[in-house]
Amino acid sequence: MSGLVRPREGRMLGGVCAALARRFGISANTMRVIFVVSCLLPGPQFLVYLALWVLLPGEKETSTTAW
């Protein structure tokens, strides 16, 4: 399994759903739908999203130039 980092590509807002989708091997859109549906249920889903947005590291930028 890959590490849990917010990717630079494929993110919509903060990259949390894209990171979780990459971690669990599913589509980012599927993870977004799961998140939106889970927001219909009582619970702290939005607060967890914000916490992950703050706590998850961003993906490192890869350098393409070799000196």
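**Figure 1. Accessibility of glutamate 59 in the predicted model.** Glutamate 59 is partly exposed because its relative accessibility is 26%; here, buried denotes under 20% relative accessible area, exposed over 50%, and partly exposed the range in between (1.4 Å probe, protein chains only). This is a predicted model in which local features need pLDDT of at least 70 and side-chain atom pairs count only at pLDDT 80 or more, whereas totals for chains, interfaces and linings use all residues. Residues are numbered from 1 along each chain as its sequence is written, and side-chain values use heavy atoms, with hydrogens and water left out.

**Figure 2. The salt bridge between glutamate 59 and arginine 22.** The closest N and O atoms of this pair are 2.8 Å apart. Glutamate 59 lies in the segment after helix H3 (45–55) and arginine 22 in helix H1 (residues 16–24), so the contact ties together parts that are 37 residues apart in sequence. Helices (H or I, at least four residues) are DSSP runs, numbered from the N terminus. Arginine 22 is partly exposed, its relative accessible area being 39%. One salt bridge is found in a search of the whole structure, the criterion being a side-chain nitrogen of Lys or Arg within 4 Å of a carboxyl oxygen of Asp or Glu.

Figure 3. The structure holds zero disulfides, a disulfide being a pair of cysteine sulfur atoms within 2.5 Å. Cysteine 17 is buried, at 8% relative accessibility, whereas cysteine 39 is partly exposed, at 38%.

Technical notes. Helices (H or I, at least four residues) and strands (E, at least two) are DSSP runs, numbered from the N terminus.
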